[in-house]
Amino acid sequence: MPINVNFGGRICAQWLLVLLAITACGGKDSGNQQADSQAAANNICVTNTAGINWPALASQRCQRLSQYKLFTAAPNQPALQQRGQPFELGSTLFTDHARKYRYFFLPQGKKIQYNASDIVGFPTGTVLAKVFTIPTSDTAESAERIVEVRLMVLRENGWIFIPYRWDEATQDGILAIAGEQQPVAFVHNGKSLSFDYQVPSLLRCQSCHQQTLPDGGVQFQPIGPSIRHLNQTISVNGQAINQIQHWQNLGLITLPENVSPQQMPFAPDWRDPSQALKQRAKAYLDINCAHCHNDRGAAALSGLRLEFWRQEIDYNHGVCNSAHGWRGGGFDIWPGRSDLSSLPLRMQLNGATDRMPPIGRTLADDEANQLIRQWIDSLPYQDCAVDNQ
């Protein structure tokens, strides 16, 4: 006998109530699971164990920098650190006259692998830390204050970023996923500077560090720690030694047999007047621009390639190259005519839509701009207007 409509309606209503009850229970369980997950994360970050908090670094973005236990003294005092290895680069990325202190932390028993052409091979678990300080009064004086600390951690699925703003009250880094602006003021070369220093957001960090893979995917990688920039003389306990050789002595890096530092790639400090002008200019452009201006970088479509290893100063390096798409037009490099070259012009401009690099600075690097103009003026003259007719 068929079920009447009213009875069937009652059955449906009852089943609906049961489903709602199940859903409600599931929602509650889901909420509990989220709370439990957050509690577990907090427990990992807040630990009384001695030494570096490797479990937290492998899985969490902790709210406070100190929860990782990376530093045993103020982060801008490398000589006092008992964990991690300070390191230096020959040329550095310009960030509004900020001073930087760099460290790497390797998991127990792991070593860096030598790579002659690209970023050295850091093992999974590696932490890179970069501490940014701003002069408190004058760039010519040592007094400074910390403004931010950036971490890069190489996890199983690749590099991740953990940005921190520095809190003077607690003398600790506070997680700053969205970034922050901090008003700063100091004197540089007799000129008073006052501006908002930009602590970059997580997304901005990723935009500078991203590289496109052959399959169209994206990966992130550090900027700077390649052999050519690491192959420098440093001071250890008052003695001059090659930095890479020092790491080998400490058992931190694996080097090819019979390869001395003199045989390794080398990019000079762009500020060193004893080095060749061309090499200094290329070193600056490599560290400040080539992370975007390469075949896999964010600015690949511009056609401009600024890696240090490129031997020829040709179209790829910007000579008579107008493929950049900038609204100001012109050629990246007009040999012999820096006044007609868009590359140093964009280094000098500060507007968000015109400046290069577009992220990481508010001010122009006047000394570097002068170097790049001097280099371009030294190139044999070439009429870009005629060559591109």
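**Disulfides**

Guide: Begin with a link between two cysteines: the one joining cysteine 45 and cysteine 62 is left-handed, with -90° about the S-S bond. Cysteine 45 belongs to helix H1 (residues 5-45), while cysteine 62 sits in the loop between helix H2 (54-59) and S1, so this pair ties together parts 17 residues apart in sequence. Helices (H or I, at least four residues) and strands (E, at least two) are DSSP runs, numbered from the N terminus. This is a predicted model, in which local features need pLDDT of at least 70 and side-chain atom pairs count only at pLDDT 80 or more, whereas totals for chains, interfaces and linings use all residues. Residues are numbered from 1 along each chain as its sequence is written, and side-chain values use heavy atoms, with hydrogens and water left out.

Visitor: How far apart are the sulfur atoms of cysteine 45 and cysteine 62?

Guide: A disulfide is a pair of cysteine sulfur atoms within 2.5 Å. Here the two sulfurs are 2.0 Å apart. Both cysteine 45 and cysteine 62 are buried (under 20% relative accessible area; over 50% is exposed, and partly exposed lies in between, with a 1.4 Å probe and protein chains only).

Visitor: How many disulfides does the structure hold?

Guide: It holds two. The other link joins cysteine 320 to cysteine 384, with an S to S distance of 2.1 Å. Its torsion about the S-S bond is about -80°, so this disulfide is left-handed. Cysteine 320 is in the loop between helix H6 (277-289) and helix H7 (342-348), and cysteine 384 is in helix H9 (residues 384-387), so the pair ties together parts that are 64 residues apart in sequence. Cysteine 320 and cysteine 384 are buried. With the bonded cysteines numbered in sequence order, the pairing reads 1-2, 3-4.

Visitor: Why is cysteine 205 too far for a bond with cysteine 208?

Guide: The sulfur of cysteine 205 has its closest cysteine sulfur in cysteine 208, at 8.0 Å, which is too far for a bond. Cysteine 208 in turn has its closest cysteine sulfur in cysteine 292, at 5.3 Å, again too far for a bond. Cysteine 205 is buried, with a relative accessible area of 8%, and cysteine 208 counts as buried at 15%.

**The sheet**

Visitor: What is the order of the strands in the open sheet?

Guide: Strands of a sheet pair through backbone hydrogen bonds, either parallel or antiparallel. In this model two strands pair if DSSP finds at least two bridges between them. The open sheet has six strands in the order S1-S2-S4-S5-S6-S7, with antiparallel pairing. Its edge strands are S1 (85-87) and S7 (172-175), each pairing on one side only. On average, neighbouring strands of the sheet are turned by 30° against each other, direction ignored. Axes are lines fitted to C-alpha atoms, for helices over the stretch in contact, and angles run from 0 to 180 degrees between N-to-C directions.

Visitor: Over how many bridges do S5 and S6 pair?

Guide: S5 (residues 144-155) and S6 (residues 158-167) pair in the antiparallel sense over eight bridges. The two form a hairpin with two residues between them. Arginine 155 stands opposite glycine 158 in S6, and valine 153 faces isoleucine 160 across the pair. Helix H3 (residues 202-209) packs on the sheet, touching S5 and S6, and its direction makes about 135° with that of S6. Helix H5 (residues 243-250) also packs on the sheet, touching S1 and S2 (99-105), at about 170° to the direction of S1.

Visitor: How many residues of S6 are buried?

Guide: Nine of its 10 residues are buried, and S6 is mostly covered. S6 also pairs with S7 in the antiparallel sense, over four bridges. Aspartate 167 stands opposite aspartate 172 in S7. In this hairpin, with four residues between the strands, glutamine 171 takes a positive phi near 55°.

**One serine**

Visitor: With which residues is serine 342 in contact?

Guide: Contact means heavy atoms within 4.5 Å. Setting aside neighbours within four places in sequence, serine 342 contacts His324, Trp326, Gly329, Phe331 and Asp332. Serine 342 lies in helix H7 and is buried, with a relative accessible area of 3%.
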